Structure formats: structure tokens, C-alpha cells
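Student: Could you take me through the reading of a fold, from its overall contacts down to single residues?
Tutor: Gladly; let us begin with the chain as a whole.

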Amino acid sequence: KKSIAIVGSGAVGCYYGARLWECKDYDVHFFMRGEHYDTCKTDGLEVKSVYGDIIIPPEQLNIHSSTEEMGQVDWVILALKSTALDAAPSLLLPLLKPSTRIIAIMNGLFEDELVKMLDLEYQKISGSSTTSNHDDGGGDDDGTTLTCCSAIYGGMALLCSNRIAPGKIDHSYAGKLTVGIAASSSPKAEVEERHK
């Protein structure tokens, strides 16, 4: 099974994470903190949804209070609020391996900043002097290349979901998620084929 880490387990992260868990094809892990973590640890996660409710019992819910506990994963869904962008590199780096892909679903367009922050922090930790090529949104022919993981996708969620209490999510509308590649470890010419 592919492993998926949900970083930002609020209304959006818990909704998409629970849907992925529900299909039983993925090993889904949730990063949670505080009262939300404590409640889910004892009572599980409950998502009331217009598309059918999901209840993940505590014995089947993989929750962690730090991303270091999760280990490296195949996919990361980053669903933090944009105000937490500065915390993203330290939360994400323990999860990354060369083949990891990240989908950033944040309230705003922050993929370029995320790419730069992640690669800079990765290079500090790894001692790498490799210079990655980050375009500043101008779309040069070389594209943006990563050194810390395989790819980062920007995501836009059409969704109405609220965390109504610790361990309880209310999903009342839609759920469509649209993603596009923001940066890749591959040259631009290979990106579309490799990340289909």
C-alpha cells in the first residue's frame, strides 16, 4: 500500500484523509496536536458528510503527535493554514524520500515559497551544495527543479468542511480537488509524463 501523511489534520486534511482511509487502498497517517489528537486517540475520528459518514475507530486510526514518528511516506497532503507556512519545512522534511510527492492544499498560492523553503532547509540538513533551479513564477524553459522530493503539486479544494469539535468534522458541500504540478525533481520535459 502507498503511504500517505496528512499534515494539517483540520477540516480539510481530515476530510480528504478519511476518504483515502475509507477506500482501504492506502496506509493513511494523520499528524495532529492538542485536544484534537487526545480526542482522536481515545474516540477515533468522525466525519459527517453529505456523501456518507466515515468513522475511523481509534484502533484503526494512525495518528501521530510529531511527523518524526511517521517516517518517510510516498505522498504528503499538506493542509495547513497559510499562516503556518514557516512551520512547513520542519514538519515535512522527516516525511520525505526522493520519490515522495506533496500536494499542498492551503488557503492561498504559496507553492513557490514552499518549494524554496523546503529545498533550502533540505540543503542545510543534508549538507548538499547542489543548487536547485527555482523560477520565480516566470515560467522559464528549465522549470523548477527540486532536490528534497519528487514533486510538489498545488491543490485547490472546492469544499465546505468544518471541524466542529475535536475529533469531529462536518462536511456539507462538494469535495472536488484540482491539482497542478508546481515543481519537480525531473527536467521540465519529463515532468508531465512522469507525474501522470
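Student: What share of the contacts between residues at least 6 apart in sequence joins residues at least 24 apart?
Tutor: A contact means heavy atoms within 4.5 Å, and in the protein chain 68% of the contacts between residues at least 6 apart in sequence join residues at least 24 apart. This is a predicted model, in which local features need pLDDT of at least 70 and side-chain atom pairs count only at pLDDT 80 or more, while totals for chains, interfaces and linings use all residues. Residues are numbered from 1 along each chain as its sequence is written, and side-chain values use heavy atoms, with hydrogens and water left out.

Student: How many helices and strands does the protein chain have, and in which order do they run?
Tutor: Helices (H or I, at least four residues) and strands (E, at least two) are DSSP runs numbered from the N terminus. Here there are 5 helices and 9 strands, and from the N terminus on they follow the order β-α-β-α-β-β-β-β-α-β-α-β-β-α.

Student: How are the strands arranged in the sheet?
Tutor: Two strands pair if DSSP finds at least two bridges between them. In this model an open sheet of 9 strands has the order E4-E3-E9-E8-E7-E6-E1-E2-E5, with mixed pairing. Its edge strands, E4 (54-56) and E5 (62-64), each pair on one side only, and the twist averages 30° from one strand to the next. Axes are lines fitted to C-alpha atoms, for helices over the stretch in contact, and angles run from 0 to 180 degrees between N-to-C directions.

Student: Which strands does H2 touch where it packs on the sheet?
Tutor: Helix H2 touches strand E3 (45-49), E5 and strand E8 (151-165), and the direction of H2 makes about 150° with that of E5.
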